[in-house]
Amino acid sequence: MRNRTSRRHFLAGAAAAAMMPGLSTRRAYSTVQPQVLRLGFTNPRDSQFGAGALELATYVERNCGGRLRVELYPAGETGGELEMCQDVAAGTLEMTFASSAVFAAIEPELSIFDIPFLFRDVAHARAVLDSDIGKAALARVEPKGIIGLAWGENGLRHLTTSDRAVHRPEDLKNLKLRVPQSEVMVASFKAFGADAGPLPFPDLYSALSSGAFQAEENPIPTVLAANFDKVQRYLCLTGHVYSPAAFLISKRVFERLTLEDQQALRLAGVVGSKASRVYVDRAEKNGLEELRRRGMKVVEDIDRPAFVASLASLESQFQKQFGKDKIDAIRAFGK
């Protein structure tokens, strides 16, 4: 497990270095120093998160007149997603690019997006997030000390396992499955029959390798980038949850910036969002063949209606938790 104390010391030290004249965390300058914004994410640099974060950082470099510089900290260098969101809220980390699965701990209503089979397809999901529904959802993190710049993309989540092909919910019975730190996803997979439990992403590979978990679920780009093919045998194309991600910045940090730089960061978030979606589209297209080449067995014949039916017992719970009107509005959007 990640040493939480070491991570805190890293954040504190890096923050101090970023504010001291003549020092930066990654490069030294002899002229006036730009303000450094550290952006952490859990996936490797070569991932949909890395692609989006790089485009955001590049936009800031080109459009903020040297006043700001975004530094990237990939692969969980600054902690798991929940830890990073908490640090952004506290102002000890400036920015993160995090998937929505962890937002429930920050703003519980945002876990509405974790409901399996909520969206018809990726195009439907993107349209919802780019609409007033998505904008209103992202604005809900502001009272928690976080500014949402833009919705990006993690991708359509699929199941991987070490020892079995999954076609129907009963195939999940007693399967030790890691899910993100999301109560909705834990409850949903338990309804499917799995022995589901949460775990921070940076700890996942070792947990799969040791056998502490037999299975996990993530978008294809993440499966590729994290090399899960080395510790998982089957890729089951369940497409159970569309997982958005968001560029988040500390409200304390954001409010100290000029209006010009605030606007530039919002535009940078939009640019980064588009880059993450482009990466996902490319990886989805090429990823299956690459994972097959690496030796994974791809299971395509999924009984989606059976999975949807197995969630019937949770529907009233979801409606009470999020509001039937909100769930219906998402499902009906664009019809």
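This is a short talk about aromatic ring pairs in one structure. Keep in mind that the model is predicted.

Let's start with the count. The structure holds 11 aromatic pairs. How do we describe such a pair? We give the distance of the ring centres and the angle of the planes.

Take Phe97 and Phe247. Their rings are stacked, with centres 3.8 Å apart and 15 degrees between the planes. Where do they sit? Phe97 is in strand E3, residues 95-99. Phe247 is in strand E8, residues 234-250. Now, buried or exposed? Phe97 is buried, because its relative accessible area is 0% and the limit for buried is under 20%. Phe247 also has 0%, so Phe247 is buried.

Next pair: Phe192 and Phe307. Here the centres are 5.1 Å apart. The planes stand at 90 degrees, so this pair is edge-to-face. Why edge-to-face? The angle is 90 degrees, and the class needs over 60. Phe192 lies in helix H6, residues 183-192, and Phe307 in helix H11, residues 304-310. So the pair ties together parts 115 residues apart in sequence. Both Phe192 and Phe307 are buried.

Rings can also join up in a group. Phe103, Phe113, Phe119, Trp151 and Tyr242 are linked by ring pairs into a cluster.

Last, one tyrosine. Tyr73 lies in strand E2, residues 68-73. Its relative accessibility is 3%, so Tyr73 counts as buried. What does its side chain contact? The side chain of Glu71, through a polar contact of 3.2 Å. Tyr73 and Thr96 are 23 residues apart in sequence, with 9.1 Å between their C-alpha atoms.

How values were computed. Residues are numbered from 1 along each chain as its sequence is written. This is a predicted model: local features need pLDDT of at least 70, side-chain atom pairs count only at pLDDT 80 or more; totals for chains, interfaces and linings use all residues. Side-chain values use heavy atoms; hydrogens and water are left out. Rings of Phe, Tyr and Trp (its six-membered ring) pair if their centres lie within 6.5 Å; planes under 30 degrees apart count as stacked, over 60 as edge-to-face and the rest as tilted. Helices (H or I, at least four residues) and strands (E, at least two) are DSSP runs, numbered from the N terminus. Buried means under 20% relative accessible area, exposed over 50%, partly exposed in between (1.4 Å probe, protein chains only). A polar contact is a pair of N or O atoms within 3.5 Å; within protein, one must be able to donate a hydrogen and the other to accept it, and residues adjacent in sequence count only if both atoms are side-chain atoms.
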